[in-house]
Amino acid sequence: MKVVGKPLPKVDAAPKVTGRAVYADDMLPARTLHCKILRSPHPHARIVSIDTSAARRIPGVLAVITGSDLPVKFGILPVTQDERALEHEKARYVGDPIVAIAATDEEIAAAACDAVAVEYEVLEPVMSIDAALATPKDERIQDYGGPNNVHKFVALEFGDVEGGFARADHVREDVFFYQGNTHLPMEQHSAIATYVDGRVTLWSSTQVVHYVHRALSRVLELPMHRIRVIGAAHGGGFGGKTDPFAHEIIVAKLAMITGRPVKCTLTREEVFYAHRGRHPVLMWVRTGVTHDGRITAMHFRTALDGGAYGSYGVASTFYTGALQPVTYDIPAYRFEGCRVFTNKPPCGPKRGHGTPQPRFGLELHLEKIARDLGLDPVDMKRRNYVKPNTRTVNWLRVTSCGLEECTQRVLEASGFKTRERRPGRGMGFAISSYLSGAGTAIYWNDMPHSEVQIKVDRGGVTAYCGAMDIGQGSDSVLATVVAEELGLQPSDVRLVTADTDTTPIDLGSYSSRVTFMAGNAALEAARKMRELLVQAVAGAGKRYEEVSFEEASVLAEARFGTLTTAGSYTPPKIAGPYKGSGVGPSPAYSYSACVVDLDADARTGLIKVNKVWIAHDVGRAINPLLVEGQVEGSVYMGLGEALMEEQVFRKGLHKWPSMLEYKSPTFLDMPEVETFIVETDDPEGPYGAKEAGQGPLLPVPPAVSAAVYDALGVWIDEVPVTPEKVVEALRRKDKGETPRYGPQRFPAIPYPETIKVDGPVGHQDGTC
Amino acid sequence: MKEEILRDVERAVLTLNVNGEPAQLLVPVHKTLLEVLREDMQLTGTKHGCELGECGTCTVLIDGKPHLSCLVLPIQVEGRAITTVEGMASGSDLDPLQTAFAEIGAAQCGYCTPGILLSARSLLEENPRPSRGEIKEALAGNLCRCTGYTKIVEAIELAAGRMA
Ligand code: FES
Ligand code: FES
């Protein structure tokens with residue numbers, strides 16, 4: 001192959017290193033109005049009245065809107081349409097939007113927000129999982145779900161769980177906690193809208209142009225063809241810009257009212273309220289194993305602190321239980337999940353969506369079981385690895401799987417098995433798996449998930465696709481695929497992307513779906529185009545490889561007229577035969593293995609990570625440079641979650657809504673990372689490719705915690721693994737107590753009766 | 001009254017030397033250099049992540065030294081040489097740092113990139129062959145959420161090697 005597999009620069013590198021790329025907040029068309037949003041100062045309160053009259057009188061204020069101007073509810077999932085762009089009945093977290101103001105400049109808009117008088121009837125806030133499970137003092141946060149503040153239950157059982165436990169030689173139970181954290185994209189969310197000739201145009205820093213388009217249509221009550229959504233250059237998402245947001249709807253409405261461009265850029269503090277980040281998850285797991293460490297059954301329970309609204313929460317809940325059997329062969333599996341509402345900013349998808357938390361619990365749990373049995377943890381895990389081309393007990397189809405090779409690479413490179421053993425120095429090992437795109441769309445439909453058109457004329461090639469490049473390099477993937485098929489360089493391919501007027505649909509940059517899905521759509525369109533070119537050149541008695549692309553395109557245009565082709569991708573229908581089977585299936589899974597080496601100071605509890613080795617089965621690297629970038633970025637983010645990042649609250653208030661106090665790793669905190677790209681040639685991925693953007697985060701937090709145990713002999717069963725927790729666990733160890741820091745118990749949750757599902761016949765033996 | 005204050009913003013005439021070009025501006029005295037660059041001079045290559053001096057995204061050079069433009073008032077820097085990312089290339093030739101960043105994928109979303117490029121340029125001017133530790137030290141005030149910093153450090157080393 002000519003360009004696939006080459007470490008070429010990103011096609012959009014030049015605009016990014018010169019400052020030319022236009023992000024949403026860089027736009028300032030003539031007569032732009034600035035929008036500010038007044039937000040609730042109370043975590044839970046009924047709104048008694050809103051008086052905007054003083055604000056309206058301020059010179060320079062052109063429009064003031066409240067919830068009664070935008071009453072239609074929306075939400076990313078069809079089953080949880082529970083948000084309003086502006087709330088006029090009830091505030092559910094500190095930061096819930098109440099009033100929006102458009103003015104000639106930002107300071108006037110801010111002063112006008114101060115002039116609004118809102119009368120609240122303050123209600124008792126619900127700030128923890130325990131509180132949400134109890135009878136509310138005043139009233140429930142949402143008027144659906146239940147009992148109490150429960151949002152969603154899941155209870156599924158696959159195979160003979162009771163029999164599996166009965167067969168076990170050893171059974172162990174553990175409890176873990178994964179603290180919530182946030183995406184912290186460097187770019188604050190920003191959106192700007194115009195209303196011209198009865199049509200709304202919105203530019204936004206979104207990951208999901210199409211879903212924003214749908215939400216605008218619903219709330220503004222305009223048909224989709226009267227709305228155009230364009231993805232501006234994107235300053236980082238990580239899942240944090242995957243919901244339709246209030247400010248996107250608000251600027252569109254304000255533009256409709258004023259007839260002028262209206263822009264809203266969130267402050268950094270507001271970004272912490274927009275959130276949709278990692279759910280805090282409490283976990284309980286019970287596993288049965290044989291003497292030699294083969295898993296016979298597993299029972300996994302999760303409780304998710306969801307925040308005030310649904311967001312992706314139903315999917316997140318399923319994800320906390322879905323992928324455990326995709327790395328380990330679990331013959332019988334029971335999963336019970338529960339998401340609760342609390343008076344905090346809503347949680348949603350962050351890199352790894354719902355799976356880093358159970359991965360942390362699962363990997364440490366297996367470490368402990370191995371030690372119970374006197375087995376080597378790595379050997380015991382390997383004994384249980386899933387095999388390629390199998391079905392898991394929860395019906396997930398595994399195709400290519402490089403788990404064993406990933407493991408070998410990091411063990412060898414790190415010298416894990418022969419590491420020096422001394423107090424204060426440790427290594428930890430963990431593995432993981434992630435989706436290459438969700439097998440089902442957010443809203444149920446039979447249409448393709450990604451579509452690409454290609455136009456060739458007079459020697460030029462343009463590819464059109466709705467895919468949104470959020471920095472991960474989806475534009476480069478599109479250009480590389482088209483270039484490979486047509487015999488060009490990626491830089492020869494012009495791209496038009498992420499614009500609902502001019503590009504065919506792509507569902508967006510989430511669930512690690514773009515390379516797989518848009519890549520396959522581009523491949524189909526490009527192969528059809530090549531076919532036309534080859535035919536025309538052959539008609540002139542030559543071979544495609546002999547002529548220039550210009551000549552080929554002139555011959556083809558002369559012969560066939562306008563040259564356009566299209567390709568699309570629809571994932572295979574592989575979900576299992578049970579309710580809830582839509583979350584988890586993916587056309588392919590990526591696999592990762594990781595070793596972390598660190599120093600842990602027994603006196604201060606300080607941890608210094610020395611090096612991370614990570615191997616990632618990406619199927620095939622369409623651009624190894626970009627794959628490495630995704631892997632390194634994932635390791636970085638995993639280390640941040642493992643060691644310092646936490647989104648926490650005190651008395652209803654976010655404790656740290658600033659970049660200074662919300663700790664994230666700097667240049668100085670980041671260790672050396674050695675990345676191994678493992679290629680397994682997935683049978684359905686474009687050129688065999690799978691995802692790279694999310695999976696490599698997952699093994700990092702458990703590997704850190706395992707390394708701390710290796711160094712100091714204490715278990716830190718919750719993230720972040722902070723110095724305070726390490727010191728406290730060591731204190732307990734010295735006193736002869738359990739050498740552990742972590743949650744003591746899992747709450748009594750009234751899960752509904754489990755739905756029993758037979759596993760696929762012959763799962764794991766390759767016959768289904 | 002708030003309304004009156006808003007109508008009577010004090011403005012000042014300033015002459016700023018940005019990227020080697022003098023520019024005369026009439027701006028409210030409380031506007032930050034970040035805002036004046038972006039809004040009054042359309043130099044939107046300079047980004048912001050917090051506007052509170054916490055992230056380094058808005059870094060520009062003032063007389064060759066990195067400063068957080070969100071914390072600088074233009075009136076303080078009249079007559080001094082201000083460099084933004086738009087002033088890094090000479091003509092259509094990119095700065096070696098820009099080339100290295102593009103080549104090895106040191107810019108993912110690219111949002112932190114202008115600030116980091118300028119911090120790196122100042123470092124290389126003072127210390128043309130910095131060690132890895134010196135690079136990390138010099139850049140510690142610039143956050144990046146995409147790259148894990150790895151490729152950024154490599155790109156700076158690459159550029160330093162080529163400039164030597
Ligand atoms: S914008 Fe963050 S430091 Fe200036
Ligand atoms: S490249 Fe995205 S924040 Fe640095």
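With the cut-off set at 30 Å³ or more, the count comes to ten cavities. Keep in mind that this is a predicted model. I will go through two of those cavities.

Start with the largest. What volume does the largest cavity have? About 170 Å³. The lining of the largest cavity is made up of 17 residues. If you want to find the place on the screen, look for A:E83, A:Y93, A:P97, A:A246 and A:R276, which lie nearest the centre of that cavity.

Now the elements around the largest cavity. In chain A, β1 (33–39), α7 (246–258) and α8 (268–274) each give at least two residues to its lining.

On to the second largest cavity. The space in the second largest cavity comes to about 90 Å³. Which residues line the second largest cavity? Going along chain A, they are A:L156, A:F158, A:F318, A:G321, A:A322, A:Y333, A:F335, A:N394, A:L396, A:Y578, A:G580 and A:V583.

Three elements of chain A, namely β7 (150–158), α9 (313–322) and β15 (333–340), supply at least two residues each to the lining of the second largest cavity. Which element gives the largest share of that lining? The answer is α9(A), with three residues.

How many of the residues lining the second largest cavity are charged? None: the lining divides into nine nonpolar and three polar residues, with no charged ones.

Methods. Residues are numbered from 1 along each chain as its sequence is written. Chains are lettered from A and ligands numbered from 1 in the order in which they are written. This is a predicted model: local features need pLDDT of at least 70, side-chain atom pairs count only at pLDDT 80 or more; totals for chains, interfaces and linings use all residues. Side-chain values use heavy atoms; hydrogens and water are left out. On a 1 Å grid over the protein atoms alone, a cavity is a set of points where a 1.4 Å probe fits but cannot get out, and a pocket is an open set with protein on both sides within 12 Å along at least five of seven lines; lining residues have an atom within 4 Å of a point. Grid points are joined across faces, edges and corners, and a volume is the space filled by probe spheres set on the points. Helices (H or I, at least four residues) and strands (E, at least two) are DSSP runs, numbered from the N terminus. Ala, Val, Leu, Ile, Met, Phe, Trp, Tyr, Cys and Pro count as nonpolar, Asp, Glu, Lys and Arg as charged, and the others, Gly among them, as polar.
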